[in-house]
Amino acid sequence: MTNAAAELVPATRNALSLLLLAMADDEFVIGFSDSEWTGIAPMLEEDVAMSSLAQDELGHAQALYRLLAEVVDDGRDADAIAYDRPVEGYYHARLLDHPRGDWAASICRRYLYDTADAVRLEALADSSFAPLRELVAKIRREERYHEMHMTAWLDRLASAGGEPRERLLAALDRLAPDAATVLAPLPNELSLVMAGIIDATGDELDARWRAKIGRVFERLNLSMVLPVADPLTARTNHSDAFRWLHGEFTAVRSAQPGATW
Amino acid sequence: MAEPEVQEWEVFRQEKEGDAMRHGGSVMAPDAELAVHYARELYGRRQESIRLWVVRRADIHDLNDPDLLQPPLDRSFKKPGGYVMRDKLAAAREQSGTHKPRGNAG
């Protein structure tokens, strides 16, 4: 266990573990899901860009799982946490349970996720938990570009009219009920705020996120009807689409347990 | 709205501070913003560049006319090779009492 984690009282350490698990699983699942575009994105350059974004997320997930392994300190390493859980054990937001869908759906899902993630990372920028603060500083520098690229695409799909806009609106309709799940309050999060690990609770982060994307949605004339997420179901009851993805990303590791590549 | 036309963009990259911008290659993109994003992916995502310039290929004025660039007559008198400066420079330094500056071709 890191010294920083050993100094936390058990309740705070548990809450921190859930925050790290939520963040790591979010990055892991969207990374794997978007990597499904490799080879079939709309054009070669975008294929490289989307694959590179997906790869960045897997890198962030790896760093977060490593930190989680140190905080939990139960003998599991980052790979064991990432790959050796049943479907029910994953703690990503339901927004990421939606299948990759068409290009507009992937852009819409990633835009909603990247903007929420940016709000979450900003709330950790001055964290009292030094290992997380240092990691977040590095992750934020990469996420800046993710948000730029997704905003560029959202702009184009929303402004193009015709089929691109129709597909975007259809995707937003499907994703809207789960859009706010990324920032839904986490169990015992108040202890994290009290300890200065994060600077606000989920409700406050949700408000910041709405203010942030509200300006863009207004400019692009998109509906901001995004229901507040129920914290009890925001990260549970994963979909069949995730069940399939889980089978894909665990296939190699479960084929030969313990093997290294 | 018509589908935006994808066009060629030339990418120039600088490897480190003080280096010249060198041609890296090209990307296809519908507009300057995405061209810059794609240039970043193809010529910068491995931290191999500290600066990129992205130029629409159509904005480059091309000159490859052999009559203008490779005329057939003897043009050796336009090359500076006929002037040997080294000895004159050495003599001038001798006279002024200065030494050849270090790390400089003089």
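**Exercise 1.** Determine how helices α2 and α10 of chain A are oriented to one another.

*Solution.* In this predicted model, local features need pLDDT of at least 70, side-chain atom pairs count only at pLDDT 80 or more, and totals for chains, interfaces and linings use all residues. Residues are numbered from 1 along each chain as its sequence is written, chains are lettered from A, and side-chain values use heavy atoms, without hydrogens and water.

Step 1. The axes of α2(A) (residues 10-34) and α10(A) (residues 240-255) come within 11 Å and cross at roughly 85 degrees; axes are lines fitted to C-alpha atoms over the stretch in contact, with angles from 0 to 180 degrees between N-to-C directions. Helices are DSSP runs (H or I) of at least four residues.

Step 2. The two helices are therefore roughly perpendicular (65 to 115 degrees).

Step 3. In contact (heavy atoms within 4.5 Å) are A:Phe28, A:Val29, A:Phe32 and A:Ser33 of α2(A) with A:Phe242, A:Leu245 and A:Phe249 of α10(A).

**Exercise 2.** Identify the partner of A:Asp26 in a salt bridge.

*Solution.* Step 1. A salt bridge places a side-chain nitrogen of Lys or Arg within 4 Å of a carboxyl oxygen of Asp or Glu.

Step 2. The partner is A:Arg120, with the closest N and O atoms 2.9 Å apart.

Step 3. This pair links α2 with α5 (residues 103-122) of chain A, across 94 residues.

Step 4. The whole structure has 27 salt bridges over all chains.

Key: Angles under 35 degrees count as roughly parallel, over 145 as roughly antiparallel, 65 to 115 as roughly perpendicular and the rest as oblique.
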